[in-house]
Amino acid sequence: MMDFQLSADEEQIRDLARNYAQTTLAERALAHDAGAFPMETVKELAGLGLMGIKSPVSFGGLGGSNVAYALAIREIAKVCASTAVTTAVTNMVGDMLVHFGDDGQRERWLRPLLSGEFAAGSFALTEPSAGSDAASLSSKAVLSDDGSYYTLSGTKMWITSGDVAGAVLVMAKTDADAGARGISAFIVDPNAAGFHVGRHEQKMGLKGSSTVSLTFESVKVPAADRLGPEGIGFRVAMTALDGGRCGIGAQALGIAESALGGLLAAMPARKADDRALGTDQAAAFRIADMATRMEAAWLMVLRACALKDAGKVMSREAAMAKVFATEAAGFVTKTAMGLAGADGLRKDSAIGRAYRDARVARIYEGTSEVQRIVIARSLVRGV
Amino acid sequence: MDFALDETQQMIRDSVRSFVSGQVREPAMKWNEGHGDANAALKELGGLGLLGILAPENAGGAGLDVATLILSLIELATGDAGLAAMVAHHNGPALGHLLDADFSDKKLLSRFASGDALLCRATDEGQAHLDSATVETTATQQPDGGWQVSGSKRLVPLGTLASHAIVSAKTLGGADIHLLVDLSAPGVSRQASASLVGLSTCDLADLTLSEVQVPAAMTVGSSSRAVALGRLTTAAIALGVTRAALAAGVTYTLERKQFGKPIARFQPMQWQTADSATELEAAELLTYRAAWQLSTGDARDFAVEKAAVFAMEAAQRVADRALQMHGGYGYTEDFPVERHFRDAATLRLLTDGPDLQRVVIAKGLAQAV
Ligand SMILES: Cc1cc2nc3c(=O)[nH]c(=O)nc-3n(C[C@H](O)[C@H](O)[C@H](O)COP(=O)(O)OP(=O)(O)OC[C@H]3O[C@@H](n4cnc5c(N)ncnc54)[C@H](O)[C@@H]3O)c2cc1C
């Protein structure tokens, strides 16, 4: 039988995120939008367990479901999209350590990631000339003769939290001739010699998240820090993105919710004039469409999460949820801008921020075009 | 029918085009944030005669037609929409209003027409919904026939730079009235508006008028042409943004390679380019037709509103696609598309929003039946 009821654990995790977001985070959201990295916030989120929502309790996580994860990210994004993406990426790195790591790696990297000892985790796949075509990446890791370490070189781009992370999950080629199968995954210590942080991207939105390039200049990475066997790096990345895409869908819907909320909050002020909601169908119908699309998108995100919780393959559903939710957020934020009053058009208003923040969701963790390729390919191949 | 520009139109368009490539396009990449960054360029445009385009030569202006104004604004907006918005506001709804209403103080008029002084038109009062243009500013007639004006106006283009504002108000009897207010008069205070999502280089101010005395001679008649010019100049700015965004998208997709080939070879990029190009063309033709009508007489068949609704919304779609074509790079300030995306969504503050104009079209069509 179908069940749309949240479990007690899921409700608890949602409320944990909601309470923190609505109180402490709400006071800082404007400062984050002005460009301040949420350092204090990420430490506090770790203290609450929210940096490892799905990670085992024994390592400092909350042991929650994928559904709980989406609920929590949405609550955070509703208040501060920058904090939401920083949190989502750290969770993703932790999940990969849980999934592909060994006990030693979990002790060494997962524990400090979840406790807040590390401000964040980073996921480094994209390169200047390998974006949508991530498998064509050219960073390489060469194993030493004695097999004890790799020498990593290359450049990554767009790395969220790359300058503050305590652990960076890096995808690099260990076999240049094997295409995607020649890629391996490594946990890289940012304190290692040769690890350089490049410039900070100046973005339209998500201004409180940091996005940097990273250069590895013959960085020595102990062989023990390779995640899983050689050659599975691309699979690690794609697994991470299946979960990650649900997170981005949830993030986008949280942002959309803040735009709709900003619009509705300005409505009572209009009661006096004859264009007030009810007689003003331009506003009424659009608000109805916004909410309906958000609802449909949210169900798609939850379904993808529920499939993952049930241990099913859900790449197609995750891609569908991501493209539908992020495009819904694009529609909602644009429509809200079209209905906003003078205050709503302000750069720092709920609507103004949402319009700038939501736009990236159709680009990162696979553009909308890439999601459609994933969906169509899976249908054509019948998987 | 003739879709060709006449010699003067061509000449003015070309000179604005070269001004934009020389003095606007590159600098605008850095103007992005700063209020006032485009003011020097605005001044230079005044020197080129672009602040009195519609004013007759004997009134100190250039004596050109609406089509020429529109062509100039399109060019300017390809470089910077905020700068174009200031030029549009002064020439169109503001000075256009004085000219249409046959304002009697010719000396003052020639100061505006020559660009020595800037003029704004203050109508919005910043209700929750920008389109609800209820006027609460009051004008009380004084024994000497002059007026005492009180109220507040928000997001007035050129509000801090202008010397005068055409202020809309209601008389005690409830009649609409427009008064030309000297912004240095006692009782006027003005403050730069808070930063908006887009059009960041456009000077905007919130005005407060408390018991400001306005001589009877400063009464300005009403002008439907001012409203039409407000709408059509906004369509022109939207067109400039559209054109710039489309060009940026095409250029980028030809340069950027993924999967071993330029992304311009992928069908989703091709569709986006083709749809954007088609929408640009449609918006241009609608706008040109309306401009032609206003150049030769009055607007008909809601050509102005149709152009404005379509062009304003097309700009948003085209800027959105262009940003998408840039992938992550489009989200950064290193490329102009993120600015086009923000500007396109902010254009509606310059005139009635598309929703209100739709109602105007529909009501007008109903009346014609
Ligand atoms: C704020 C931000 C944070 C990010 N954080 C991270 C991070 O933490 N870690 C990380 O590894 N990466 C990160 N990224 C990178 C992000 O995932 C990439 O930007 C994204 O994958 C797109 O790559 P690209 O920017 O190179 O665009 P491109 O791949 O160059 O795409 C340009 C355009 O071409 C289209 N296109 C490309 N190939 C095809 C095709 N075959 N068919 C049809 N259309 C196609 C795209 O859809 C897009 O519209 C981040 C990006 C941003 C903006």
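In these legends, Ala, Val, Leu, Ile, Met, Phe, Trp, Tyr, Cys and Pro count as nonpolar, Asp, Glu, Lys and Arg as charged, and the others, Gly among them, as polar. By these classes, the shell around the ligand has 14 nonpolar, 10 polar and four charged residues. The model is predicted.

**View 1. The ligand at the boundary of two chains.** The ligand is located between chains A and B. Its shell holds 28 residues, of which Ser132(A), Trp158(A), Thr367(A), Arg256(B) and Gln324(B) come nearest.

View 2. Thr367(A) places a polar side-chain atom 2.6 Å from an oxygen atom of the ligand. An N or O atom in the side chain of Glu369(A) is 2.7 Å from an oxygen atom of the ligand. Trp158(A) takes part through its backbone, with an N or O atom lying 2.7 Å from a nitrogen atom of the ligand. The ligand exposes 980 Å² when taken alone, and the protein buries 95% of that area.

**View 3. Secondary-structure elements around the ligand.** Two or more residues of the shell come from each of β3 and α10 of chain A, and likewise from each of α8 (267–296) and α9 (303–325) of chain B. The largest share, three residues, belongs to β3(A).

**View 4. The interface of chain A and chain B.** Chain A gives 46 residues to the contact and chain B gives 43 residues. The two chains bury about 3900 Å² between them, with 55% of this area on carbon and sulfur atoms. On the side of chain A, the greatest losses of area to chain B fall on Met204(A), Leu345(A) and Lys347(A), which together account for 16% of what that side buries.

**View 5. Polar pairs and contributing elements at the interface.** Between chain A and chain B there are 27 residue pairs in polar contact, with both residues at pLDDT 80 or more. The elements of chain A that each supply two or more residues to the side touching chain B are β3 (149–160), α7 (281–309), α8 (315–339), α9 (350–358) and α10 (368–381). That side of chain A comprises 17 nonpolar, 10 polar and 19 charged residues.

**View 6. Salt bridges across the interface.** Six salt bridges are found across the interface of chain A and chain B. In one salt bridge, the side chains of Lys207(A) and Glu333(B) meet with an N to O distance of 3.5 Å. Over all chains, the count of salt bridges comes to 38. Arg286(A) and Asp355(B) also form a salt bridge, in which the closest N and O atoms are 2.7 Å apart. This pair joins two chains, because Arg286(A) lies in helix α7 of chain A and Asp355(B) in helix α11 (residues 354–368) of chain B.

Key:
Residues are numbered from 1 along each chain as its sequence is written. Chains are lettered from A and ligands numbered from 1 in the order in which they are written. This is a predicted model: local features need pLDDT of at least 70, side-chain atom pairs count only at pLDDT 80 or more; totals for chains, interfaces and linings use all residues. Side-chain values use heavy atoms; hydrogens and water are left out. Contact means heavy atoms within 4.5 Å. Buried area is the accessible area (1.4 Å probe) that two parts lose on being put together, summed over both. A salt bridge is a side-chain nitrogen of Lys or Arg within 4 Å of a carboxyl oxygen of Asp or Glu. A polar contact is a pair of N or O atoms within 3.5 Å; within protein, one must be able to donate a hydrogen and the other to accept it, and residues adjacent in sequence count only if both atoms are side-chain atoms. Helices (H or I, at least four residues) and strands (E, at least two) are DSSP runs, numbered from the N terminus. A residue is near a molecule or strand if one of its heavy atoms lies within 4 Å of it. Accessible areas come from the Shrake-Rupley method with a 1.4 Å probe; for residues, only the protein chains shown count as cover.
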